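Reader: I would like to know what stands behind the labels used for this structure. Please set each value against its cut-off where one is needed.

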Amino acid sequence: MLSEETYNQLLESKLSFLKSSNDNVKNKILRHGAISKISKGTIIFDEGAECNTLAVILSGKVRVFKLGDSGKEITIYRILEGESCILTISSILSHLKFPATAIVEEDTEALVIPADVFQELVNKDEAWRNYTFGLVNKRLANIITVVEKVAFKRMDERIAEFLLKKTGSNSHSINITHQEIADELGTHREVVSRILKEFEKFGFIKLSRNKIEILDKEELNSKAKKFS
């Protein structure tokens, strides 16, 4: 159960979309909702699991990925503050099992609601429906982007893009292993290592143990696309 004080605090921050909801929604969440703290590394759902709850992330980060028969992983999307998992939503509404794996990347706090309560809220409350459909639209766009990259972009381009995105505009280094990059992009570690060594040979980056330093962002951005 949630206290009314906690609910009101969430309403002013993480769950502002519920401000237009009526007291019935509020009472449902007060009676059936709970705040859960989940440690980094915890697997929330394995592929094939039944989804008995829905979590709205209040802080932290969760990665949703697909594991292939070969052991390769590819990240589908991440769930951040104020968001929930559309694959969980889909599994609950369709009564199907979870089709991927969800793992906590950073210590996470979440509002957890039983699946049957979530179904009732979506059916009866416009705010919950709008929140749900908004998440679906956003995630479908993310998933289409992932599919386009996998299908149409070379791996050297994807790795260059990944490094630039991870370092952003204010940083020139990233602490990450070659295996973590491979898991993110759905390829083998050996492929990542080979391409990174090519980037280093061209002077785009400098490699050290579990760390990559970007030496020339402009060249990495433009010349990575010219590799055959």
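**Pockets, cores and single residues**

Reader: What makes up the lining of the second largest pocket, by residue class?

Author: Eleven charged residues, five nonpolar ones and one polar one. The model is predicted. Lys and Arg, as well as Asp and Glu, count as charged. Of the 17 lining residues, Lys40, Arg63, Arg78, Glu105 and Glu180 lie nearest the centre of this pocket, so these five belong to the charged class by that rule.

Reader: Which elements supply at least two residues each to the lining of the second largest pocket?

Author: They are β3, β4, β5 (101-114), α6, β6 (173-175) and α7. β5 gives the largest share, four residues. The volume of the second largest pocket is about 480 Å³.

Reader: What makes up the lining of the largest pocket?

Author: Nine charged, seven nonpolar and three polar residues. The largest pocket has a volume of about 600 Å³. Its lining counts 19 residues, and those nearest the centre are Arg78, Val146, Lys149, Lys165 and Glu184. At least two lining residues come from each of β4, α5, α6 (155-167) and α7 (178-185).

Reader: Why is serine 21 called buried?

Author: Buried means under 20% relative accessible area. Serine 21 has 15% relative accessibility, so it counts as buried. Serine 21 sits in the loop between α1 and α2.

Reader: What does the side chain of serine 21 make a polar contact with?

Author: With the side chain of aspartate 125, at 2.9 Å. The cut-off for a polar contact is 3.5 Å, and 2.9 Å falls within it. Leaving out residues up to four places away in sequence, serine 21 touches Asp125 and Ala127.

Reader: Why is lysine 26 called buried?

Author: The relative accessible area of lysine 26 is 18%. The limit is 20%, and 18% is under it, so the residue is buried. Lysine 26 belongs to helix α2 (residues 23-32).

Reader: Why is glutamate 4 called partly exposed?

Author: Partly exposed covers the range between the 20% limit for buried and the 50% limit for exposed. Glutamate 4 has a relative accessible area of 44%, so it falls in that range. Its place is in helix α1.

Reader: How do you know that a polar contact joins the side chains of lysine 26 and glutamate 4?

Author: The distance is 2.7 Å, and the cut-off is 3.5 Å. The value is within the cut-off, so the label applies.

Reader: What else do these two residues touch, not counting residues up to four places away in sequence?

Author: Lysine 26 is also in contact with Tyr7 and Asn8. Glutamate 4 also touches Leu30.

Reader: Which residues of α2 are buried?

Author: Val25, Lys26, Lys28, Ile29 and Leu30. They pack against α1, β5, α4 and α5. At the start of α2, the backbone nitrogen of asparagine 24 has a side-chain oxygen of asparagine 22 within 3.0 Å.

Reader: Which residues of helix α3 (residues 86-94) are buried?

Author: Ile86, Leu87, Thr88, Ile89, Ser91 and Ile92. What covers them includes β2 (43-45), β3 (53-67), β4 (73-79), α4 (115-124) and α5 (126-152). Just after α3, histidine 95 has a positive phi of about 60°.

Reader: What makes up the largest nonpolar core?

Author: The largest nonpolar core holds 41 residues, with the most contacts inside it made by Ile29, Val64, Phe98 and Trp128. Two or more residues come from each of α1 (4-11), α2, β3, β4, α3, β5, α4 and α5. β3 gives the most, six residues.

Reader: Which residues is tryptophan 128 in contact with, leaving aside its neighbours within four places in sequence?

Author: Phe17, Leu18, Val25, Ile29, Leu54, Val56, Ile113, Phe118, Leu121 and Val122. A second, separate core has 21 residues, among them Leu164, Ile195, Ile205 and Ile214.

Reader: How far apart are the C-alpha atoms of glutamate 4 and glutamate 219?

Author: They are separated by 55 Å, and the two residues are 215 residues apart along the chain.

Methods
Residues are numbered from 1 along each chain as its sequence is written. This is a predicted model: local features need pLDDT of at least 70, side-chain atom pairs count only at pLDDT 80 or more; totals for chains, interfaces and linings use all residues. Side-chain values use heavy atoms; hydrogens and water are left out. Buried means under 20% relative accessible area, exposed over 50%, partly exposed in between (1.4 Å probe, protein chains only). A polar contact is a pair of N or O atoms within 3.5 Å; within protein, one must be able to donate a hydrogen and the other to accept it, and residues adjacent in sequence count only if both atoms are side-chain atoms. Contact means heavy atoms within 4.5 Å. On a 1 Å grid over the protein atoms alone, a cavity is a set of points where a 1.4 Å probe fits but cannot get out, and a pocket is an open set with protein on both sides within 12 Å along at least five of seven lines; lining residues have an atom within 4 Å of a point. Grid points are joined across faces, edges and corners, and a volume is the space filled by probe spheres set on the points. A nonpolar core is a set of buried Ala, Val, Leu, Ile, Met, Phe, Trp, Tyr and Cys residues joined through side-chain atoms within 4.5 Å.
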